Amino acid sequence: MAKTQYYTATSIDGFIADENNSLDWLFEVDEGTDNPFGEFFEGVGAFAMGATTYEWVLKHDNLLEEPENWHDMYGDVPCWVFTHRDLPPVPDANVFMISGDVRRVHEAMIVAAQGKNVWLAGGGNLVSQFVAEGLLDEIILGIAPAILGEGTPMLRRRLLVDDLILTGVREVGQFAYLTYAVGDVARMGRHLASETAALIPAHF
C-alpha cells in the first residue's frame with residue numbers, strides 16, 4: 001500500500017536546521033557508503049515541500065543556473081511547493097506552486113504518484129499540517145550525531161506513544177535511521193501486534 005512519508009535528517013535533539021537556518025553541521029557527518037535516500041526515492045511518485053525548504057534547495061544546489069541538478073536528484077517526479085509568495089521555478093522542472101488546503105493537494109499528489117509513495121520533504125510546519133489532517137503514515141529520521149540546542153524543529157505537532165510505533169532501525173555511516181508508523185497506521189500495527197501476542201502461549 002502506498003504511504004505518505006516524512007523523510008528527513010535531524011539532530012539528536014530534533015532540529016532539522018540550526019538557529020541560522022544552516023545545514024553546515026549536517027554535511028560534516030560521515031554518511032557511509034550506502035545511499036538510503038536513493039533507495040527511498042525510488043519508491044516516491046510525488047512530493048511536496050514548503051517555501052523555505054524550496055528556497056534552501058534553490059540556493060544550495062544553484063538550481064536557477066544549473067537546473068540539471070534538480071533533474072539529477074528528482075527526475076520528472078512532480079513536486080508541489082506550498083508558498084504564499086512568488087518563487088522562481090526551476091527551469092523545465094515538474095514543479096507546482098500552490099497554497100491552501102493540504103488535503104486537497106494531497107489528493108492530487110496521490111493521483112499523480114500512480115501507486116507510489118508521497119514524500120513530504122519538509123519543513124516541519126508544512127508536515128505538521130498534514131499530521132493535523134491525519135495524512136501522514138510514516139516518519140523516517142536520519143539522526144545525526146549533533147546536538148544544536150535551538151533551531152528549526154523537525155515537527156511542530158504533538159505525537160505521543162499512541163501515535164507512533166517503531167518499525168525499523170538502521171545504522172548508516174554515523175547516522176541512526178529510525179522509521180515510525182504514524183497515527184492510524186501505528187494504532188493498527190499495535191492492534192495486530194496485540195492480537196498476535198494473545199495467540200502465542202506464554203512460557204514461564
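Let's start with E65. This residue is exposed, with a relative accessible area of 65%. Exposed means over 50% relative accessible area, buried means under 20%, and partly exposed is in between, with a 1.4 Å probe and protein chains only. Those areas come from the Shrake-Rupley method with a 1.4 Å probe, and for residues only the protein chains shown count as cover.

A word on the ground rules. This is a predicted model, where local features need pLDDT of at least 70 and side-chain atom pairs count only at pLDDT 80 or more, while totals for chains, interfaces and linings use all residues. Residues are numbered from 1 along each chain as its sequence is written, and side-chain values use heavy atoms, with hydrogens and water left out.

Back to E65. Where does E65 lie? It is in the loop between α3 (51-60) and α4 (68-74). Helices (H or I, at least four residues) and strands (E, at least two) are DSSP runs, numbered from the N terminus.

With E66, E68 and D72, E65 forms a patch of negative charge on the surface. Patch members have over 30% relative accessible area and no salt bridge; like charges are joined within 9 Å, and nonpolar side chains (Val, Leu, Ile, Met, Phe, Trp, Tyr) within 5 Å. Asp and Glu count as negative, Lys and Arg as positive, and His and the chain ends are not counted. The place of a charge is NZ of Lys, CZ of Arg, CG of Asp or CD of Glu.

Next, P91. Find P91 in the loop between β4 (79-82) and β5 (95-98). P91 is partly exposed, at 32% relative accessibility. Which residues does P91 touch, leaving out those up to four places away in sequence? They are L63, L64, P67 and H71. A contact here means heavy atoms within 4.5 Å. For a sense of distance, take P91 and L23: 68 residues apart in sequence, and 25 Å apart in space, C-alpha to C-alpha.

Now the salt bridges. How many does the structure hold? Five. The rule is a side-chain nitrogen of Lys or Arg within 4 Å of a carboxyl oxygen of Asp or Glu.

Take K3 and E138. They form a salt bridge, with the closest N and O atoms 3.1 Å apart. K3 lies in the segment before β1 (4-10) and E138 in strand β7 (residues 138-143), so the pair ties together parts that are 135 residues apart in sequence. Are the two partners buried or exposed? K3 is partly exposed at 30%, whereas E138 is buried at 8% relative accessibility. E138 has other contacts too, again not counting residues up to four places away in sequence. Among them are T4, Q5, Y6, T167 and Y180.

Next pair: D34 and R170. Their side chains meet in a salt bridge at 3.8 Å, N to O. This one links distant parts of the chain: D34 is in the loop between α1 (24-27) and α2 (36-41), R170 is in strand β9 (residues 164-172), and they are 136 residues apart. Both are partly exposed, D34 at 42% and R170 at 33%.

Then R103 and E133. Their side chains meet in a salt bridge at 3.2 Å, N to O. R103 lies in helix α5 (residues 102-113) and E133 in the loop between α6 and β7, so the pair ties together parts that are 30 residues apart in sequence. R103 is partly exposed at 33%, and E133 is partly exposed at 34%. There is also a network: salt bridges that share partners join D34, E39 and R170.

On to helix α6, residues 124-132. Its buried residues are G124, L126, V127, S128, F130 and V131. Just after α6, G134 takes a positive phi of about 70 degrees.

Last, the backbone. Most residues other than glycine have a negative phi, and most peptide bonds are trans. Now look at N21. N21 is not a glycine, yet has a positive phi of about 60 degrees. N21 sits in the loop between β2 (15-17) and α1, and is partly exposed at 37%. Q114 also has a positive phi, near 50 degrees. Q114 is in the loop between α5 and β6 and is exposed, at 71% relative accessibility. Finally, which residues does a cis peptide bond join? G122 and G123, with omega about 0 degrees. G123 lies in the loop between β6 (117-120) and α6.
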